[in-house]
Amino acid sequence: MEAYHKPDQQKLQALKDTANRLRISSIQATTAAGSGHPTSCCSAAEIMAVLFFHTMRYKAMDPQSPHNDRFVLSKGHAAPILYAVWAEAGFLPEAELLNLRKISSDLDGHPVPKQAFTDVATGSLGQGLGAACGMAYTGKYLDKASYRVYCLLGDGELSEGSVWEAMAFAAIYKLDNLVAVLDINRLGQSDPTPLQHQMDVYQKRCESFGWHAIIVDGHSVEELCKAFGQVKNQPTVIIAKTFKGRGITGIEDKESWHGKPLPKNMADQIIQEIYSQIQSKKKILAKPPQEDTPSVDITNIRMPTPPSYKVGDKIATRKAYGQALAKLGHASDRIIALDGDTKNSTFSELFKKEHPDQFIECYIAEQNMVSIAVGCATRDRTVPFCSTFAAFFTRAFDQIRMAAISESNINLCGSHCGVSIGEDGPSQMALEDLAMFRSVPMSTVFYPSDGVSTEKAVELAANRKGICFIRTSRPENAIIYNNNEDFQIGQAKVVLKSRDDQVTVIGAGVTLHEALAAADLLKKEKINIRVLDPFTIKPLDKKLILDSARATKGRIVTVEDHYYEGGIGEAVASAVMGEPGVTVTRLAVSHVPRSGKPTELLKMFGIDKDAIAQAVRGLVTKA
């Protein structure tokens, strides 16, 4: 970025005029909508004017250009001023601003990606900076391009721990192409913020996290221009002292106005007051970006070679995941892996060893890891795979939920699922993860049961839109599929069948292998069972499950290393609901487990081969 040149008086006045037009648009839009956050917009007016019409480089009519500087509005409730900016830049018609929050308009109450200028959905506070870090990391280390990333945060959201996870990440990776702006307007939703206007405390906190921190008057366009012109060999944070509702007489810096539009008569009067301060209607044109971002293609990424496993050999699916990802990394340098300091357990270390420049260590900050992945995936720059213990993704559920709202394409691999991890005990056991990921809109939930299916799951996930979750296990289990077996999303496999099967048993991961062992036990008693591997729990292969049920007198047993709620049993029960003559018997983990050997725990919770055989016997004798 070039050295700072002080803008002339004409440019400074034009920026002041722009800020006031943004104020007026925000007030008009929220009053027309009858809801919204005009006071939160008004505190940021000068910041937005200077950012978009002095500092940033972008194509106003092509907001998704890969060359553009990026902007994330972490304080998503100030969406009306973001929309006002894009109307000022000429991308949105001014009249469209008055359709804010209407069902017929794309201008939602908070930013969403159906708007071409929005990369990530915001509004659940504290998440924008993590996504911005992902964009900045991609720009610096993967694209090696000159685009810069700006993120505007409110002071209320600085109470969120995820903000400080992102602050730490940016400093560790020296993201000098990243600028955060803190809109310190003193007031939260229901009370003043904890630090109010203690600017020096904010500065010390940011500096202690490794950022270059500049305090400015957030309503001085000159101070803002100068601050944005400073670039150091570290991320920069501009701590802007502002006033909520700036420019609104009688409301500026007053409590109890958060999220309240101005009544029409008051709005008209205030708009007149602000309008009288505007000296020129002339608009400032956006500066074009430097076009040095490489073009990339992340479609149709395929494994360079088929799987090379041998039926009967044993491998844990968590290790098969690491091997598969390392292999896929050779197909595209846009496959990236992120981990939360568990890479020697999730086996993503195998990827790091072969592709060190495509690996991002996120340390023990799972919420931020998901946000980083979302940022890396924007504008189709990369295909991210995040891994940690599946249990630890639960703390990032809000980030995962927002990733879905962001229409993000990210892949999450959770290892160490269920009681089968053994001695580590319940804090490490994922027993809620299937319920969580099944509830995410447009998600795909893979649950591979051997090395071959794990490798196929990784390849399919890389090419799948939306949130993909791959559930992997700690115990070593036998390879059951040939290397040329074809796997597709939503297609289950019949692993074992005969002409006179009496019950269909559905298991996945360790419980699929327990089901096969139960089949051996039952065969000695002349009871045959059909064993199904769902492969994907969402979408579920409803047709194959029903066909199998009808071939086995309508009897289904599900067995899973997961709590009863929201797992395989409920997914299957939901799929067959209303089908005459079909019954589902569910075996699952019934309460909080404890430490023990994997075999002991599978037995204790009634999900081992003996429990399966007993359930089958009960159904057969009942008939």
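Which residues in α1 meet which residues in α3? Before selecting them, note that the model is predicted.

**Stop 1: α1 and α3**

Select helix α1, residues 9–33, together with helix α3, residues 45–55. The two pack at an angle of about 120°, and their axes are 8 Å apart. That angle makes α1 oblique to α3. The crossing in which α1 passes α3 is right-handed.

Now show side chains. On the α1 side, pick K11, L15, T18, A19, L22 and R23. They meet A45, E46, M48, A49, V50, F53 and H54 in α3. Coloured by residue class, this contact of α1 with α3 divides into eight nonpolar, two polar and three charged residues.

**Stop 2: the domains**

Zoom out and colour by domain. Domain 1 covers 9–276, domain 2 covers 313–479 and domain 3 covers 493–621. How many residues of domain 1 are in contact with domain 2? There are 31 of them, and they touch 28 residues of domain 2.

**Stop 3: α6 and α13**

Next select helix α6, residues 161–172, and helix α13, residues 366–377. Their axes come within 9 Å and cross at roughly 65°. With angles of 65 to 115 degrees counted as roughly perpendicular, α6 and α13 are therefore placed in that class. Viewed for handedness, the crossing of α6 and α13 is right-handed.

From α6, display S162, E165, A166 and F169; from α13, display E366, Q367, N368 and I372. These residues make the contact. By class, the contact of α6 with α13 has three nonpolar, three polar and two charged residues.

**Stop 4: V149**

Go to strand β2, residues 149–154, and select V149. Is V149 buried or exposed? Its relative accessibility is 0%, so V149 counts as buried.

To see what surrounds V149, leave out residues up to four places away in sequence and show R70, A132, M135, A136, N177, L178 and V179, which V149 touches. One of these, N177, is worth a distance label. The C-alpha atoms of V149 and N177 are 6.2 Å apart, although the two residues lie 28 residues apart along the chain.

**Stop 5: backbone exceptions**

The remaining selections concern the backbone. Most residues other than glycine have a negative phi, and most peptide bonds are trans.

Start with R101, in the loop between α4 (79–88) and α5 (128–142). R101 is not a glycine, yet its phi is positive, about 70°. With a relative accessibility of 32%, R101 counts as partly exposed.

Move to E407, in the loop that runs between α14 (397–405) and β10 (410–415). What is the phi of E407? The value is near 55°, again positive in a residue other than glycine. E407 is exposed, as its relative accessible area is 56%.

Finish at P539, which sits in the loop between β17 (536–538) and α18 (542–551). Select K538 as well and look at the peptide bond joining K538 to P539. This bond is cis, with omega near -5°.

Note on methods:
Residues are numbered from 1 along each chain as its sequence is written. This is a predicted model: local features need pLDDT of at least 70, side-chain atom pairs count only at pLDDT 80 or more; totals for chains, interfaces and linings use all residues. Side-chain values use heavy atoms; hydrogens and water are left out. Axes are lines fitted to C-alpha atoms, for helices over the stretch in contact, and angles run from 0 to 180 degrees between N-to-C directions. Helices (H or I, at least four residues) and strands (E, at least two) are DSSP runs, numbered from the N terminus. Angles under 35 degrees count as roughly parallel, over 145 as roughly antiparallel, 65 to 115 as roughly perpendicular and the rest as oblique. A crossing is left-handed if the near helix is turned anticlockwise from the far one by less than a right angle, and right-handed if clockwise. Contact means heavy atoms within 4.5 Å. Ala, Val, Leu, Ile, Met, Phe, Trp, Tyr, Cys and Pro count as nonpolar, Asp, Glu, Lys and Arg as charged, and the others, Gly among them, as polar. Buried means under 20% relative accessible area, exposed over 50%, partly exposed in between (1.4 Å probe, protein chains only). Domain bounds come from an automatic or database domain assignment.
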